[in-house]
Amino acid sequence: QVQVVESGGGLVQPGGSLRLSCAASGSIFSINAMGWYRQAPGKQRGLVATISSGGSTTYADSVKGRFTIARDNAKKTVTLQMSGLKPEDTAVYYCYAHVVVAASGRYLEVWGQGTLVTVSS
């Protein structure tokens, strides 16, 4: 079984910083893209940032220059460093990984349970 688990959410004041982490585990042969989506109350889930196995990154326009995504392939982890946080960044943040499952070679998209980030004074 393959899973990803997020950590690091919480309450932060506007302008503050927060770091989210996500670790993949299980029967994994390799991981292609990893990244983060978020879902604010009453809104659809949307892309925050992604990173390929080679380190290429993509960001939503709303977070460019404020958020940084990074990964450690050996540890099967991805992080999201968030700074200059705004109230509109308040959302549940979900980690995902595109995994190649060991033994079967099957491609699998795995999502975490989400971690809540609240930006408020």
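**Strand 1 and what lies beyond it**

S7 lies in strand 1, residues 3-7. Strands here are DSSP runs of E, at least two residues long, and helices are runs of H or I of at least four; both are numbered from the N terminus. The model is predicted, so to speak of its local features requires pLDDT of at least 70, and side-chain atom pairs count only at pLDDT 80 or more, while totals for chains, interfaces and linings use all residues. Residues are numbered from 1 along each chain as its sequence is written, and side-chain values use heavy atoms, without hydrogens or water.

Is S7 buried or exposed? S7 is partly exposed, because its relative accessibility is 39%. The classes are set by relative accessible area: buried is under 20%, exposed is over 50%, and partly exposed is in between, with a 1.4 Å probe and protein chains only. S7 belongs to the uncovered face of strand 1, together with Q3 and V5. V4 and E6 make up the covered face. In a regular strand, side chains alternate between the two faces of the sheet.

Now the partners. S7 touches R19, L20 and S21, leaving out residues up to four places away in sequence. Contact means heavy atoms within 4.5 Å. S21, in strand 3, is also the bridge partner of S7. R45 is 38 residues from S7 in sequence, and the two C-alpha atoms are 18 Å apart.

Two strands count as paired if DSSP finds at least two bridges between them. Strand 1 and strand 3 are antiparallel, with five bridges. The open sheet has four strands in the order 1-3-8-7, with antiparallel pairing. Strand 1 and strand 7 (67-72) are at the edges with a single partner strand each, so one side of each has no neighbour in the sheet. On average, neighbouring strands of this sheet are turned by 15 degrees against each other, direction ignored. Axes are lines fitted to C-alpha atoms, for helices over the stretch in contact, and angles between N-to-C directions run from 0 to 180 degrees.

Opposite R19 stands Q81 of strand 8. Beyond its neighbours within four places in sequence, V78 is in contact with L20, S21, C22, M34, W36, I51, I69, A70, R71 and C95.

A nonpolar core is a set of buried Ala, Val, Leu, Ile, Met, Phe, Trp, Tyr and Cys residues joined through side-chain atoms within 4.5 Å. The largest one has 32 residues, and W36, V48, F67, V78, L80, M82 and Y93 have the most contacts inside it. At least two residues each come from strand 3, strand 4, strand 5 (46-51), strand 7, strand 8, strand 9 and strand 11 (115-119). Strand 9 gives the most, six residues. In soluble globular proteins, nonpolar side chains tend to be buried together.

Past strand 8 comes S83, in the loop between strand 8 and strand 9. S83 counts as partly exposed because its relative accessible area is 27%. S83 touches G16, S17, R66 and F67, not counting residues up to four places away in sequence. Its side chain reaches the backbone oxygen of R66 at 2.8 Å.

A salt bridge is a side-chain nitrogen of Lys or Arg within 4 Å of a carboxyl oxygen of Asp or Glu. By this rule there are three. One of them joins the side chains of R38 and D89, at 2.9 Å from N to O. R38 is in strand 4 (residues 28-39) and D89 in the loop between strand 8 and strand 9, 51 residues apart. A further salt bridge joins D61 and K64 at 3.1 Å, N to O. D61 is exposed because its relative accessibility is 66%, whereas K64 is partly exposed at 49%.

R66 also forms a salt bridge with D89, with the closest N and O atoms 2.7 Å apart. R66 sits in the loop between strand 6 (57-59) and strand 7, and 23 residues separate it from D89. R66 is buried, at 13% relative accessible area, and D89 is buried at 0%. Shared partners join R38, R66 and D89 into one network of salt bridges.

Note on methods. A polar contact is a pair of N or O atoms within 3.5 Å; within protein, one must be able to donate a hydrogen and the other to accept it, and residues adjacent in sequence count only if both atoms are side-chain atoms.
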